[in-house]
2 protein chains.
Amino acid sequence: MERTLDRVLELVVLLNDDMERDLVRRGLTGSRAHLVWELHHSGPSTQQALAEALSVTPRAITGLVDALVESGFVTREPHPDDRRATLVTFTRQGAQAGKALERDHVELARSLFADMPETTFRGFQRGLDAVVARFRSQRSTMR
Amino acid sequence: MERTLDRVLELVVLLNDDMERDLVRRGLTGSRAHLVWELHHSGPSTQQALAEALSVTPRAITGLVDALVESGFVTREPHPDDRRATLVTFTRQGAQAGKALERDHVELARSLFADMPETTFRGFQRGLDAVVARFRSQRSTMR
DNA sequence: TATTGTTATACTCTATAACTATA
DNA sequence: TATAGTTATAGAGTATAACAATA
């Protein structure tokens, strides 16, 4: 079982490195890409909403948005109903980056699983679901 | 396939959070724990060797070792044959932490897989090996 | 009063570059 | 010359706390 855990941890490293390469190519860091990814799926969002989505303090979002504004991925637009809030919004470049990340994601899934024998893939899926389910239940027990 | 990749990425997050909790309990950060883990498996090491093992610059090792010295996990001992080098060496507290990490690791493997049906576990192993093998070959192609 | 986002401050991890002591 | 490790400097990401503007 330990060997299997080590193999999982090896996969984590390989995945992180691979995804990081894609991001750098797109002019993003991991944290900024996470924000772009969130914006891509949720549309224009308040920084508060982003803070919750990324599980990070509002202060950290300020920094990430500052960086993404400067590099031309997003703008801060006034919130129509709440003058305290801003809506972080894609520029054209940002929207393109969001779509590119989506494509990279699909491509990664394909490159990992596409030519894997059907039964192997099924077995992997089943075990994976079991592990995640077990983890989730442990976690909800802890709180 | 995308759903499966998402599930893998969910597992990555769950694993990171879980391991992070263990480390904090032991008074370590992720990077420092990585160094402790390496020392636990390799014994007293030069900072150069640690830099290569952690895939990080020597400068980063200086910082990590400084922090671990200050918190009482390691000491810098003179290298017997090379007066330029230092041997980063466990204190008693550090050695205990190394063993504790080892126990946490075994415990994690158990909690993940112990009561998983044998066939599910086998299927998971097989798929996992296939994914990692595919990743490794891709990577070696790239260099 | 509560919420949104900011400034102020600090810590961790990392990198590059210049330098010292040794090999 | 080359190597081991340091100082100097910088940048990214994160956190807490105090604060301004608005709800």
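User: What is the handedness of the crossing of α1(A) and α1(B)?

Analyst: The crossing of α1(A) and α1(B) is left-handed, a label used when the near helix is turned anticlockwise from the far one by less than a right angle, clockwise being right-handed. The model is predicted: local features need pLDDT of at least 70 and side-chain atom pairs pLDDT 80 or more, while totals for chains, interfaces and linings use all residues. Residues are numbered from 1 along each chain as its sequence is written, chains are lettered from A and ligands numbered from 1 in the order written, and side-chain values use heavy atoms, without hydrogens and water.

User: Why are α1(A) and α1(B) called roughly perpendicular?

Analyst: Both helices span residues 2–25, and their axes come within 11 Å and cross at roughly 110°. Axes are lines fitted to C-alpha atoms, for helices over the stretch in contact, with angles from 0 to 180 degrees between N-to-C directions; helices are DSSP runs (H or I, at least four residues), numbered from the N terminus. Angles of 65 to 115 degrees count as roughly perpendicular, under 35 as roughly parallel, over 145 as roughly antiparallel and the rest as oblique. The pair α1(A) and α1(B) is therefore roughly perpendicular.

User: Which residues of α1(A) meet α1(B)?

Analyst: Contact means heavy atoms within 4.5 Å. Among the residues of α1(A) that meet α1(B) are Leu5(A), Val8(A) and Met19(A). The contact has 14 nonpolar, no polar and no charged residues, where Ala, Val, Leu, Ile, Met, Phe, Trp, Tyr, Cys and Pro count as nonpolar, Asp, Glu, Lys and Arg as charged, and the others, Gly among them, as polar.

User: What makes α2(B) roughly perpendicular to α5(B)?

Analyst: Helix α2 (residues 30–42) and helix α5 (residues 92–113) of chain B pack at about 95°, with axes 9 Å apart. That angle makes α2(B) roughly perpendicular to α5(B). Trp37(B) of α2(B) and Glu102(B) of α5(B) are among the residues making the contact, which divides into five nonpolar, five polar and two charged residues.

User: How much area is buried between chain A and chain B?

Analyst: About 5000 Å² is buried, 70% of it from carbon and sulfur atoms; buried area is the accessible area (1.4 Å probe) that two parts lose on being put together, summed over both. In chain A, Met1(A), Leu5(A) and Phe135(A) lose the most area to chain B, together 14% of what that side buries. The contact takes 48 residues from each of chain A and chain B.

User: What makes Arg136(B) and Glu10(A) a salt bridge?

Analyst: A salt bridge is a side-chain nitrogen of Lys or Arg within 4 Å of a carboxyl oxygen of Asp or Glu. The closest N and O atoms of Arg136(B) and Glu10(A) are 2.9 Å apart, and the pair forms a salt bridge. The pair crosses between chains, from helix α6 (residues 118–142) of chain B to helix α1 of chain A. Arg3(B) forms another with Asp129(A), at 3.4 Å.

Notes:
Helix = DSSP H or I, 4+ residues; strand = E, 2+ residues; numbered from the N terminus.
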